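Please look over the sequence and the structure shown here before reading on. The briefing that follows goes through selected features, grouped by topic.

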Amino acid sequence: MSVTAAKGFTAAGIAAGIKANGNPDLALVVNTGPRRAAAGVFTSNRVKAAPVVWSQQVLADGELTAVVLNSGGANACTGPQGFQDTHATAEKVAEVLSAGGAEVGAGEVAVASTGLIGLLLPMDKLLPGVEKAAAELSEHGGEKAAIAIKTTDTVHKTAVVTKEGPGGGWTVGGMAKGAGMLAPGLATMLVVLTTDADVDSAGLDSALRGATRVTFDRVDSDGCMSTNDTVLLLASGSSGVTPEQDAFTAAVREVCDDLARQLIGDAEGASKDIRIEVVNAATEDDAVEVGRSIARNNLLKCAIHGEDPNWGRVLSAIGTTRAAFEPDRLNVAINGVWVCKNGSVGEDRDLVDMRYREVTVTADLAAGDESAVIWANDLTADYVHENSAYSS
């Protein structure tokens, strides 16, 4: 049930007419309490969409009652009118929820958008769509909400984790969209996570940042950073259970990791999911930098698409970084075969079996004991076609 798996949440997903093809394009998630705590992380792109700017502002007090999300238009690079439209959307959500007796202000509503950059949203369709979505809010509406935020996604993405503790059970659920422009910060993603654990905004913020740092921030499909990345975590407190912070962070991370893997698995046109593990680095930052460099090497991505274990391209990517290493101590394995040892030829590359969807590249820097994992994809003709034709 995605974002409605946790108690204290309702959701809806409807077709408001934002997309010309008539597919679902508007989602609403509402926290029915008793707690309204929330936290969020957003794109680090300096060019931020209007909904990102708005949501960062309304999260300043650590509380949210609702999130409204649309696909079919990013509302990015749309000037003052785009921000006014975001404000109007939040006002409309507050109005329709208050009509039901909830007494919600626009400052309690986060807004998220995804789609083509540079076009104003059709507010004559979006605002009536908010009314329609509010009328369809349900404790079983999580899946419809997840479907409504898809753009080029081929499947909707949800994840749920339930934990039992001394005080009782609690749940973290979530939904995500994203299939391209996947690179830190975050990805071209919209993610809403919910929990019925009784956690304050500081605890949510700590858990969310700790989780995204090693999940969404380490998805690097195509090296392109979005203007709209938004990940929100809302707590209703409906379970009445306050878990240990470490246990809560681990659960949030588990859901984020699941969703991040689903994002990679649905990346536009990809035929391989590449797990890049950097080991024996001097620092974690070194390991991440090296992993990103390997993930963004188009020559290597093409080689992996052709099922060619071209380890020289891994070494060349490592060599562009500032990480600590000695070139004649580098080792590289592809799917467990150490094709490069001590910066030179290793085991027979014909031993590498690359027929399956997942490919593992291990880079051993022989410089310390830190490690990191980055997920990427191969580069295919389908990716080029889809992104050359994309206009909605």
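Is Cys 77 buried or exposed? Cys 77 is exposed, with a relative accessible area of 52%, where buried means under 20% relative accessible area, exposed over 50% and partly exposed in between, using a 1.4 Å probe and protein chains only. This is a predicted model, in which local features need pLDDT of at least 70 and side-chain atom pairs count only at pLDDT 80 or more, while totals for chains, interfaces and linings use all residues. Residues are numbered from 1 along each chain as its sequence is written, and side-chain values use heavy atoms, with hydrogens and water left out.

**Backbone features**

- Most residues other than glycine have a negative phi, and most peptide bonds are trans.
- Cys 77, although not a glycine, has a positive phi of about 60°, and Cys 77 lies in the loop between strand 4 (66-70) and helix 2; helices (H or I, at least four residues) and strands (E, at least two) are DSSP runs, numbered from the N terminus.
- Asn 280 is not a glycine either, yet has a positive phi of about 55°; Asn 280 belongs to strand 10 (residues 273-281) and is partly exposed, with a relative accessible area of 31%.
- The peptide bond from Gly 33 to Pro 34 is cis, with omega near 15°, and Pro 34 is placed in the loop between strand 2 (26-31) and strand 3.

**Helix 1 and helix 2**

- The axes of helix 1 (residues 50-58) and helix 2 (residues 79-99) come within 8 Å and cross at roughly 50°, the axes being lines fitted to C-alpha atoms, for helices over the stretch in contact, with angles running from 0 to 180 degrees between N-to-C directions.
- That makes helix 1 oblique to helix 2, since angles under 35 degrees count as roughly parallel, over 145 as roughly antiparallel, 65 to 115 as roughly perpendicular and the rest as oblique.
- On the helix 1 side, Ala 50, Pro 51, Val 53, Trp 54 and Gln 57 meet Gly 82, Phe 83, Thr 86, His 87 and Ala 90 of helix 2, where contact means heavy atoms within 4.5 Å.
- The residues of this contact divide into six nonpolar, four polar and no charged; Ala, Val, Leu, Ile, Met, Phe, Trp, Tyr, Cys and Pro count as nonpolar, Asp, Glu, Lys and Arg as charged, and the others, Gly among them, as polar.
- Buried residues of helix 1 are Ala 50, Pro 51, Val 52, Trp 54, Ser 55 and Val 58, and what covers the buried residues of helix 1 includes strand 3 (37-42), helix 2, strand 5 (109-113) and strand 9 (230-235).

**Other helix pairs**

- Helix 5 (residues 201-213) and helix 6 (residues 245-265) pack at an angle of about 45°, with their axes 8 Å apart, which makes helix 5 oblique to helix 6.
- Among the residues that meet in this pair are Leu 204 and Leu 208 in helix 5 and Phe 248 and Val 252 in helix 6, and by class the contact of helix 5 with helix 6 has seven nonpolar, four polar and one charged residues.
- Helix 7 (residues 284-295) and helix 9 (residues 311-318) have axes that come within 8 Å and cross at roughly 130°, and helix 7 and helix 9 are therefore oblique to each other.
- Val 290, Ser 293 and Ile 294 of helix 7 make the contact with Val 314, Ala 317 and Ile 318 of helix 9.

**Nonpolar cores**

- In the largest nonpolar core, which has 53 residues, Leu 69 and Met 175 touch the most other members; a nonpolar core is a set of buried Ala, Val, Leu, Ile, Met, Phe, Trp, Tyr and Cys residues joined through side-chain atoms within 4.5 Å.
- Apart from that core lies another, of 33 residues, among them Leu 204, Val 219, Ala 235 and Val 252.

- Ala 333 is found in strand 11 (residues 331-334) and is buried, with a relative accessible area of 1%.
- Leaving aside neighbours within four places in sequence, Ala 333 is in contact with Trp 338, Val 339, Thr 360, Val 361 and Thr 362.
- Gly 368 lies in the loop between strand 14 (358-364) and strand 15 (370-377) and counts as partly exposed at 35% relative accessibility.
- Gly 368 and Ala 281 are 87 residues apart in sequence and 4.7 Å apart in space, C-alpha to C-alpha.
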